[in-house]
Amino acid sequence: EENGHQIKKLKRDADEEDVEDQNKKSPKRKIVLLMAYSGKGYHGMQRNVGSSQFKTIEDDLVSALVHSGCIPENHGEDMKKMSFQRCARTDKGVSAAGQIVSLKVRLIDDILEKINNHLPSHIRILGLKRVTGGFNSKNKCDARTYSYMLPTFAFAHKDRDVQEEVYRLDKETLEKVNKLLACYKGTHNFHNFTSQKGPRDPSAKRYIMEMYCGEPFVRENTEFAVIKVKGQSFMMHQIRKMIGLVIAIVKGYAAESIIERSWGEEKVDVPKAPGLGLVLERVHFEKYNRRFGNDGLHEPLEWAEEEEKIAVFKEQYIYPTIINTEREEKSMVNWLNTLSIHDFNSSAVGIQTNNKNSK
């Protein structure tokens, strides 16, 4: 009996040593993952634990991390245990070409391949870097760059009868678009460009570094253009409303002065462009890179080697999804038809009074 007990104990000790050896071979380390995904069909990036009917990108990511053996199952249930942090909470339907998440994982062999094997093809991990123990991808991020791809007929004047596939953006209109987009540069009070923030809320002030629309190009017989915006941080729906307001002005629904008015305290009716064309392009860690990027232990968080993979992913999954969905669901066309019901001249108080009177 004693011998049997001894054998069991030895076996148990050996098993524990095996697990320990495995963990020693792949100890837990703080890393960042470079992610790309097509957001169609997802309710944004951030996981809602306990709400399974709204599928998010993180649901699929966490499942892949558990199944690949990078994290234990209980870390998947409680993400704080792996110090998980995403750089940006992309909204419903929004895609990303350069999302960054930070977390602690076991550095197993062929880690990227193993994670990707458990992910659907429209979500890819394109890169991995070791970071400092206290690194937090949200707090350490200095700036974020987004792009917004839209069919150029969105800029056609409301009084012109436009055939969508034939429309081509002329130079003067593109110049006007860029002049308006440049008005957003600098620090402004963007309380009118999000919900649930009052004009005196200090967090409504945001700093925009650049915003411009690139040269148009034709895909599947329709002309598209891409607007780029780089800012310190963005509030919910902010970029879509910034673009929505510029479209309303260029189409002739609103006066140019409305942008200046929107920085003020009054509530301005700002339309929100569809989410389909919005893509998180890249996130910037300039301060972190200056401090730790060349300390001999850590690499700078730059992804020059992954640029090609990012470009291929966009061509394969992000752009075709935007173009095909636009053709099938006509989200931009349907949204443009709603612009005429916005009241761009009076404040929200005036709109409410008018509504009461008409009732």
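I take a polar contact to be a pair of N or O atoms within 3.5 Å, where, within protein, one must be able to donate a hydrogen and the other to accept it. The model I am reading is a predicted one.

**Entry on lysine 197.** I looked up the side chain of lysine 197 with that definition in mind, and found that a polar contact of 3.0 Å joins it to the side chain of serine 203. I placed lysine 197 in the loop that runs between strand E6 (186–189) and strand E7 (205–213). Setting aside the neighbours within four places in sequence, I listed the residues in contact with lysine 197 as His191, Ser203, Ala204, Arg206 and Met235. For methionine 235, which is 38 residues apart from lysine 197 along the chain, I noted a C-alpha separation of 9.7 Å.

**Entry on strand E9.** I then turned to strand E9 (residues 222–231), where nine of the ten residues are buried, so the strand is largely enclosed by the rest of the structure. I traced its pairing with strand E5 (residues 143–151), which is antiparallel over eight bridges, and noted that leucine 150 has alanine 225 as its bridge partner in E9. E7 also pairs with E9 in the antiparallel sense, over five bridges, and here I found cysteine 213 opposite isoleucine 227.

**Entry on the hairpin.** Strand E8 (residues 217–219) runs antiparallel to E9 and is joined to it by three bridges, with arginine 219 standing opposite threonine 222. I recorded E8 and E9 as a hairpin with two residues between them, and in the turn glutamate 220 has a positive phi of about 50 degrees.

Conventions
Residues are numbered from 1 along each chain as its sequence is written. This is a predicted model: local features need pLDDT of at least 70, side-chain atom pairs count only at pLDDT 80 or more; totals for chains, interfaces and linings use all residues. Side-chain values use heavy atoms; hydrogens and water are left out. Helices (H or I, at least four residues) and strands (E, at least two) are DSSP runs, numbered from the N terminus. Contact means heavy atoms within 4.5 Å. Buried means under 20% relative accessible area, exposed over 50%, partly exposed in between (1.4 Å probe, protein chains only). Two strands pair if DSSP finds at least two bridges between them.
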